[in-house]
Amino acid sequence: MTYLVDTHAHLNHDKFADVEAVLKRSSDAGVEFIIVPGWDLASSERAIGLAERFERVYAAVGFHPHDASAADEASLTRIADMSSHPKVVAIGEIGLDYHYNLSPPEVQKRVFEMQIEIAKSVRLPVSIHNRESDADLIAILRRQVEAGWILPRRFDYQINLQPRGVLHSFNSTYEIACKAIKLGFYLGLSGMVTFGKSGESELQRVVRTVEPEHFLAETDSPYLAPAPHRGKTNEPSFVPNIIEKVAALQQLSAEDIRRITSYNAYKLFGVGEKPRPKIAYQIRNSLYLNLTLRCDADCIFCDRKGEAMVKGHNLHIDREPAAEELTAEIGDPTRFKEIVFCGYGEPTIRLDIVKEVAQYVKSNGGTTRLDTDGHGNVINHRDILPELEGLIDSVSISLNSTDPDEYRKLMGTPNGKQWESMLEFAREAKNFVPRVFMSVVGVDGLDADLAKEFVEQKFGAEFRFRPLF
Ligand code: SF4
Ligand SMILES: [Zn+2]
C-alpha cells in the first residue's frame, strides 16, 4: 500500500500534549508524512520545532487571517526568515475568513497578499484558508498569478499546470474549485467530505466530479474529525477515513486515491518521493500495460513528453518492455477485470507485442482492451483490424474532436491522413471487436453533447468523456 501524507495537521496545537503517541498511531495507519502549519509567530516556531524533532514532520509558517492584525512588519520579516529553514515546505496557513472577521477584512487582505509576496520571493507554495471569502480570494489569486507567480522551487518537472498552493480544507462550490484549479491550486480534502447525512453535499459533488489529480488529503487536526470519529480530537491517523470517502465518490480504489494524493503532496511540497517508472500499473481492478512512450501524434493536452504521470503512476520508462516482461507482470489475467494496452504512447506502434501479449491473456481466460488514437492503419501501413479479431475484447478510440481542423490542431497532425483513417478505423472496428468506445477530452470549446451524438449516431459506439482543467 502507498504511504499517506497529512498535508495539514496542527500538531503544534496545545490539544496535542503527546505528539510522539500521535505520530505512532499515524504511522500505524500508514500516514508517513505530516505537514504542520502555523497560524502566528509562536505556532510557526512550534511547527519548526516539531519538524526538527521528528523526521516525518514538516512545517509551514505564516499568519492565519484570524491573526492578521498581529502581523506587523517585523513579524512578517521573521516569517520570511523562517521560510529558509530546510524543513519549511510552505507559507501557511494564510488567507481570508469573513465568517468570524476576527481581523478586519482590509487587514486580512493586506496581510494575505504580503505573505503571498513572501512565498513568491522564496519560491514556496502557499497553504490557504478560505471561509465565506470566495470572491476576494479568487480576485487576489488571479491578480497575483497575472502579475507573475513562478513555480515553487522544488519542481523538477514540467507540466502545463503550474501548482502554486492548496486551498486547504476546501469547502466551496464547484465553480470556485474550477477557478482555483485553473489558477494552479490543489483542493485540500479534509473530514468535511465525510459529513452530511442525507443526499449529496456540494463538497461531495465537487469531489465526485473533479479529477483526483487536483486533490490533496489532510485532516486539519485537531478540528473536523471525519466520520466515524466525529466529536473526537482529530489526528493524522484518521486520513484513511477521508481517503475511503473520496475513493467511493470517485469510484476509484482507496489505493488509487492514496497514490494520487501522496504523489500530489510530493509535487507541491517535495514531501515523500516520486514513484519509479512502471511497465504495468493498476487502476481500480484493471491492469494497464505501458508498452511505449512513442506516439505518432502530439496532442496539446498530452503530458507524454513532460512528467508522463497517470493517476499517480510514473509511466516515464526509459526502455520499451518485451512481451515476456509484460506477461510476467500479468501472471494470472483473471485476477483483473481487464488487461488494457495503453501506456503514455500509441500501443499499435508495437502491434506485434500487443498481439503476442493479448494472445497470452486470452488463452489464460482474461479480458483485453486496446486504448488507441485510432491511427494504427496509418502507422502499420495496412488494415490491422482483422489481426485483432479474437484477441481484443474492447477498443477505446480517442475522437478528440468532431471537427477535422480542430482535430489536427489538437493532435498536432497538421497534414496527415489521421482524421480520415481514425474515422474509418472506428467505423470498421465493430466488425472485429465486440465493444467499441470513442472518447473526448474536455478542452476549452469542446461541445461534449455534439461529440456524444456524433459517436452514438454515426458510429454506433459508446461515448466516453474525460474532463480537463
Ligand atoms: S494520442 Fe495519446 S499518447 Fe499520443 S500524443 Fe495524444 S494523448 Fe499523447
Ligand atoms: Zn488549519
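Pro228 lies in the loop between β8 (215–217) and α8 (239–250); helices (H or I, at least four residues) and strands (E, at least two) are DSSP runs, numbered from the N terminus. A cis peptide bond, with omega about 5°, links Ala227 to Pro228. The model is predicted, so that local features need pLDDT of at least 70 and side-chain atom pairs count only at pLDDT 80 or more, while totals for chains, interfaces and linings use all residues. Residues are numbered from 1 along each chain as its sequence is written, chains are lettered from A and ligands numbered from 1 in the order in which they are written, and side-chain values use heavy atoms, with hydrogens and water left out.

Another cis peptide bond joins Gly92 and Glu93, with omega about 0°, and Glu93 belongs to strand β4 (residues 88–97). Glu132, in the loop between β5 (126–131) and α5 (134–146), has a positive phi near 55° although it is not glycine. Most residues other than glycine have a negative phi, and most peptide bonds are trans.

At the level of the whole chain, the protein is divided into domain 1 (4–269) and domain 2 (280–467), with bounds from an automatic or database domain assignment. The contact (heavy atoms within 4.5 Å) takes 18 residues from domain 1 and 15 residues from domain 2. Between them the domains bury about 1200 Å², 47% of it on carbon and sulfur atoms; buried area is the accessible area (1.4 Å probe) that two parts lose on being put together, summed over both. On the side of domain 1, Glu211, Arg259 and Tyr263 lose the most area to domain 2, together 40% of what that side buries.

Three salt bridges cross this interface, a salt bridge being a side-chain nitrogen of Lys or Arg within 4 Å of a carboxyl oxygen of Asp or Glu. Glu211 also pairs with Lys311 in a salt bridge (3.8 Å, N to O). Helix α9 (residues 254–269) gives the most to the side of domain 1 that touches domain 2, with five residues.

The search of the whole structure finds 28 salt bridges. One of them joins the side chains of Lys24 and Asp28 (2.9 Å, N to O); because these residues are four apart in helix α1 (residues 19–28), about one helical turn separates them.

Finally, the residues around ligand 1, each with a heavy atom within 4 Å of it, include Cys295, Cys299, Cys302, Arg304 and Asp373.
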